[in-house]
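Hi everyone, thanks for coming.

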Amino acid sequence: MQHTWLSFSSLTFHVVPPFRKVLFEEFQSWLSDVTQVELEPTIDLSCAKYEYTDALLCHDDELEGRRIAFILYLVPPWDKSDGGTLDLFSTDDNFQPLEIVKSVIPSWNSLTFFEVSPVSFHQVAEVVSKEKCRLSVSGWFHGPSVARPVRYVEPLLPRSPHLPRDHEILYDWINPVYLDMDSQAQIQEEFEDRSETLLKDFLKREKFQLVCEALKKEGLKWSSRGPPNKRYYDKAEEESLPDILKNCMELFRSEAFFLLLSNFTGLKLHFLAPGEEDDEQEGEGEIAAAGDSSRRTQGESSQEETGSREYTEAHGSISDNKVNRECDSSVPLCTGELRHWTKGCYTLVHDAETTEFSLDLLLFCGCEDWDVECGGFTSYLAKDEDEELLLITPEMNCLALVYRDPESLKFVKYINHRCLKQTARETEQTGFWDICFVYYE
């Protein structure tokens, strides 16, 4: 959400008191008769100013007591090409928004109002005019609360265990710097301190170049991911991907990569990685010194142990060891997508979002010299707080790893009109791509 709210209490215009009087008396009575909705004296009133690239993304306005929403437009001559339309959405059987079915162009001294309901999804489209300001007076008339349907709970994305691929896939794809034992120990130490790390030039350059070239070719099939009150971006249909992209996705699902992530982070994402039982053997004093990192490996000795297991014991045992992990109810799992981000794409923090302990992975493509003013960055927040914990900006061939707990949330900032000038190339493709995975111990 991007726009400026102006409080009427701070305005001294001589027209405000009469306007308030009209709203609270004559208009309220008329509106109640027209809508057949019983209204109470309570009215929320504010002024909103939208300028270049400002937008208000899809939402339904539902809040205790709100019954009628209204907007009075105070704009200069306005055209659809200026953006800033009020877009209304259709909904599905689960009361989730589907697509825009009507757009209202702002017009001077025009009033729009609608009933607030489980299907009153709407948005203010991005203002793309650099000269005009979309000024409006808006608010809600309140009334007795009405019964609402049970809120729809969105199913989780399917999770799967690792694929049985050994260490050779790592040698084929990953920069050798990150396969070095000392490098892994250092990365793990830094990760345990900050719960995040950025690994630049992560894939071998020749492999990364092939991935980027494949993403720009025609023939890939993409499907839009919604609903728009939670997210909007394109997800690749993996069966349509060329071999190079399928193999890249396979890398991040491979058993060898699960073990490599364990070495990077200290999380137990593979049966060979040290777990809590191993940590306890290091001694209670060391565990106490680690604070809340009981889910990670402890100390330099465990880092060395992890590294030695991967490239001595594990090299011959990832595929040969017949330990029956399928009987283990805590088998590490992952879910992943290949995503395309263009103008208008975003994800939102929403009320129904569930959070748990997990490891986020992002690898970026096609984002040369990306400007954060365009949006598209991933922001991590503390739940119930405005504090931003971390910001991940798209960077070519950079692997981001972030450990999340149940008290952290994330969203991808709306990509605005500025990206069109920045990313326009010889082809029609704009924006960037990322490979997004989430791992669970």
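**Starting from Thr85**

Let's begin at one residue: apart from its neighbours within four places in sequence, Thr85 is in contact (heavy atoms within 4.5 Å) with Lys80, Ser103, Val104, Ile105, Pro106, Gln123, Val124 and Ala125. A quick word on what you're looking at: this is a predicted model, where local features need pLDDT of at least 70, side-chain atom pairs count only at pLDDT 80 or more, and totals for chains, interfaces and linings use all residues. Residues are numbered from 1 along each chain as its sequence is written, and side-chain values use heavy atoms, with hydrogens and water left out.

So where does Thr85 sit? It lies in the loop between β4 (66-73) and β5 (86-91). When I say helix or strand, I mean DSSP runs numbered from the N terminus, H or I with at least four residues for helices and E with at least two for strands. Is Thr85 buried or exposed? Its relative accessibility is 6%, so Thr85 counts as buried. Buried here is under 20% relative accessible area, exposed is over 50%, and partly exposed is in between, using a 1.4 Å probe and protein chains only.

**The sheets**

Strand β8 belongs to an open sheet of four strands, ordered β3-β8-β5-β6, with antiparallel pairing. Two strands pair if DSSP finds at least two bridges between them. At the edges are β3 (56-59) and β6 (97-104), each pairing on one side only. Between β5 and β6 there are five bridges, and Phe89 has Ile100 in β6 as its bridge partner.

Further along, three strands make an open antiparallel sheet in the order β17-β16-β19. Here β17 (388-392) and β19 (408-412) are the edge strands. Five bridges join β16 (residues 378-382) to β19, and Leu381 stands opposite Leu409 in β19.

**Rings and charges**

How many aromatic pairs are there? The count is 19, where rings of Phe, Tyr and Trp (its six-membered ring) pair if their centres lie within 6.5 Å; planes under 30 degrees apart are stacked, over 60 edge-to-face, and the rest tilted. Take Phe202 and Phe264: the ring centres are 6.4 Å apart and the planes are at 70°, so this pair is edge-to-face. Phe202 is in the loop between β10 (196-199) and α4 (205-215), while Phe264 is in helix α6 (residues 255-265), 62 residues apart. Both Phe202 and Phe264 are buried. They also belong to a cluster linked by ring pairs, whose members include Tyr178, Phe252 and Tyr439.

There are charges over rings as well, meaning NZ of Lys or CZ of Arg within 6 Å of the ring centre and within 35 degrees of the ring normal. Arg159 has its charged end over the ring of Tyr440, 3.6 Å from the centre. For Arg339 over Tyr233, that distance is 5.3 Å.

**Zooming out**

Overall, the protein chain has ten helices and 20 strands, and buried residues make up 49% of its 441 residues.
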